[in-house]
Amino acid sequence: MVSSETVIPLLFRWIHFVAGVTWIGLLYYFNLVQVPFMKETDATTKSGVVLKLLPRALWWFRWSALVTVLAGIALMISGGIHNTAIMIGATLGFIMLFNVWVIIWPNQKAVIRMTGDATATKTPPPPEMARHARIAYLASRTNFYLSFPMLLFMGMSAHFPQF
Amino acid sequence: MVIELFFRWGHFLAGIMWIGLLYYFNFVQGAFMKAAGPEAKADASKYLIPRALMFFRYAAALTWLFGAAILGSRGILADAFLLHGPAAVIGMGAWLGTIMLFNVWVIIWPNQQKVLGLVQATPEEKTKAARMAFLASRTNTMLSIPMLFFMASSSHAPATFFGG
């Protein structure tokens, strides 16, 4: 039977899935594909990736992260979901969202700006760029590792809520 | 069953990697390849795209296997693919996922091998292969939206929701 009690949580879960796949999928892309690529390519290609690929990838990344968490909260409220597993999963998700918006994005923005300035003026980037890149990298790696328990608890919440 | 939880976890991890990389190809990489200079493009074709495709195609295979394992451990694998009773909901998702897996291994990957020069091809064959791979990739992007709908509804919305 179609009723608002079934349709509304389903719509939020669908949005949560699509946005979550985009967010964590791009996180895996950054960690498993782009980081190794940046190590084996030269400076010109690297700055090309930073200026032409990274801004678009980070746009999808940070907005899908926000939509994932908002849809997740809406799903919990509309579906009346409160169990130990989802509380742990949601806490991990919040930490990851914090890392995206408060650590990864501001530092990556600085890297993109400094790379752009260095390319435009044909000068080497300032030394603090390496520090910004390092902080963003560490937060991204942290999120990569947090995603594994986070997804375990997400899977548990709907199917093994009281473990 | 605890084993089902591990299949589901694997299904989540592999599925996110697969469809996340599909979205990366369609929403990020395509635009980058148009904007990039010839040197960056050549580097991307040599190092970046092959690595992304490696994770992409094996994640696709693992996603399907873990999904089949979940259905098998529940004893509804046949019912799902035959669209019988309440298993028809996940069956729709399973069929969409199967079509997408076929596209990855039978259309996208062989054609990309020609585009990337991993398999010998004439320039005309390369142009055709690039077009084929692009269309299959776009198709999978479209299919992923209803596929995820059925994945989200399968174990949560009651079967009566779909009139089953």
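The model is predicted, so local features need pLDDT of at least 70 and side-chain atom pairs count only at pLDDT 80 or more, while totals for chains, interfaces and linings use all residues. Residues are numbered from 1 along each chain as its sequence is written, and chains are lettered from A and ligands numbered from 1 in the order in which they are written.

Chain A has four helices and zero strands, where helices (H or I, at least four residues) and strands (E, at least two) are DSSP runs numbered from the N terminus. Along the sequence, the pattern is α-α-α-α. The C-alpha atoms of chain A fill a box of roughly 65 × 30 × 25 Å along the principal axes. Of its 163 residues, 42% count as buried; burial here requires 20 or more other C-beta atoms, placed from the backbone, within 10 Å of a residue's own, with 12 or fewer counting as exposed and values in between as partly exposed. Among contacts (C-beta atoms, placed from the backbone, within 7 Å) in chain A with a separation of 6 or more, 85% join residues 24 or more positions apart.

Helix H2(A) holds a few details worth a look. After H2(A) comes A:Gly80, with a positive phi near 60°.

In helix H4 (residues 128-159) of chain A sits A:Leu146, which is partly exposed because 16 other C-beta atoms lie within 10 Å. Leaving aside residues up to four places away in sequence, A:Leu146 touches A:Leu92, A:Ile95 and A:Met96.

Turning to the partner chain, 39 residues of chain B are in contact with 38 residues of chain A. H1(B) gives the largest share of the chain B side, 17 residues. By class, that side has 29 nonpolar, six polar and four charged residues (Ala, Val, Leu, Ile, Met, Phe, Trp, Tyr, Cys and Pro are nonpolar, Asp, Glu, Lys and Arg charged, and the others, Gly among them, polar).

Methods
Contact = placed C-beta atoms within 7 Å.
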